[in-house]
Amino acid sequence: MTAVILAAGFSSRMGSFKPLLPLAGQTALERCVRLFRDAGVDDIRVVIGHRGDALRPLLRSMDVRFIENEHPERGMFSSVRCALRDMLSQPRQGAASTSSRGCLLLPVDIAAIRPRTVTCLRDAWRRGEAPVILPSFMGKTGHPAFLATTTFEDILAWDGENGLRGWMERRFPDGPATVPVADAGILMDMDAPDDAAGMARRLDRTLDLSIPDAEECLALHQFYDPGPHRRRVHAHCLATARAALRLGTAIIQAGHEVSLELLASVALVHDVAKGAPDHSRAGAAFLRGQGFPDLADIVAAHHGPHILDGHEIDATAVLQLADLLVLEDRVVGLKERFAATAQRHGDNARTLITIREKFGLARLLCRRMEELGGRNPEAIVLDPIPREDELLRGFTI
């Protein structure tokens, strides 16, 4: 598979040159190249035109092939045409045949996409699902688009309105094939300075895309189980996230380091596999498969005994305590939490022993966190937290 980044435009609405816009320590173009390399794509080509002189040295330094669009004023579809002609005339070395190949097309201003999205498209292509595949997030299609090589000649012959989109509408009246992904970045471009600022905030909020934001957490729940009974799981995760953020804020105020973004994200998905045997392990496996290994490690550990070492307070400990202070969708004290649990399992002596042991560990964890954080965690979880609406926005029930 080949990846093509479209970077020949004039960036007229942005007011500055999009490919070289800084985003979290890299240019937009560098981020797009890194995306495909992280996803295992080894044939990356960039279509350049306007200000090509500014891009050639950067592309050479990254060892990336570039394609010249001599008429960028004709719009993005002219760059698509240049890319397809280049692929037909110079196919990727080692490809078995043109019919076995395809390409991913990505405008350079859509620079906050996860590698997992690329692998989902590639897997769908390998399954032979369709000649054109788009990623979708919460029912909306975005970028990059996958095009099988068998479509190239037909696209090159298209001279209708709306370029590639117009061709797709004609060729697929009911819409092209789609692959759902937990990646809001497929819908985010940078047409104006406010868009660039929003993309920078997304990168900051998701720790450079290593964690999902609140809306992406909701998508993960729907991927795992779209059934209507999940409403109770969503409500519990949201309450746990609010408790975790309150604990995290108090910990930061006491001089310790913990990421509120990470806490919000992992709390919103900690019970994603609720109902499955050993749901912590099942949830961790699911999250790892979705490209979130950091969340997977915390989810896998959050039900086990967690003793704080030295003066460190980590996200696993905060999540575990927050979860213990939430009964269904309500913040409660430890006594009420475990009284309710004991009542539910009162006819099983072995389970009652386990519950008492867990209650003892919970009290120990609560005392240790109070020693390190300076306040009683049961009181902390009732405090307001200014940032929680922002970090949890989009996780609707």
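**Group meeting: pockets and cores**

Hi everyone, let me start with the lining of the largest pocket, where strand E1 (2–7), helix H3 (76–89), strand E6 (102–107) and helix H6 (163–171) each supply at least two residues. Keep in mind that this is a predicted model.

Which of these elements gives the most to that lining? H6 does, with five residues. In all, 43 residues line this pocket, and nearest its centre lie Leu 6, Met 76, Pro 107, His 143 and Arg 165. The space inside comes to about 1,100 Å³. By class, the lining splits into 24 nonpolar, 12 polar and seven charged residues.

Now the second largest pocket, with a volume of about 880 Å³. Its lining has 28 residues, with Asp 271, Lys 274, His 279, Arg 337 and Arg 344 lying nearest the centre. Here the class counts are eight nonpolar, nine polar and 11 charged. H9, helix H13 (315–324), strand E11 (326–327), helix H14 (334–344) and helix H15 (349–373) each bring at least two residues to this lining, and H15 gives the most, six.

On to the packing. The largest nonpolar core holds 112 residues, and Ile 5, Leu 29 and Phe 36 have the most contacts inside it. Helix H9 (residues 231–253) provides the largest share of this core, 11 residues. Apart from that core there is another one, of 25 residues, including Ala 8, Cys 82, Leu 147 and Phe 152.

And what does Leu 29 touch, leaving out residues up to four places away in sequence? Its partners are Ile 5, Pro 19, Val 46, Leu 55, Leu 58, Leu 59, Met 62 and Val 108. Thanks, everyone!

Terms used. Residues are numbered from 1 along each chain as its sequence is written. This is a predicted model: local features need pLDDT of at least 70, side-chain atom pairs count only at pLDDT 80 or more; totals for chains, interfaces and linings use all residues. Side-chain values use heavy atoms; hydrogens and water are left out. A nonpolar core is a set of buried Ala, Val, Leu, Ile, Met, Phe, Trp, Tyr and Cys residues joined through side-chain atoms within 4.5 Å. Buried means under 20% relative accessible area, exposed over 50%, partly exposed in between (1.4 Å probe, protein chains only). Helices (H or I, at least four residues) and strands (E, at least two) are DSSP runs, numbered from the N terminus. Contact means heavy atoms within 4.5 Å. On a 1 Å grid over the protein atoms alone, a cavity is a set of points where a 1.4 Å probe fits but cannot get out, and a pocket is an open set with protein on both sides within 12 Å along at least five of seven lines; lining residues have an atom within 4 Å of a point. Grid points are joined across faces, edges and corners, and a volume is the space filled by probe spheres set on the points. Ala, Val, Leu, Ile, Met, Phe, Trp, Tyr, Cys and Pro count as nonpolar, Asp, Glu, Lys and Arg as charged, and the others, Gly among them, as polar.
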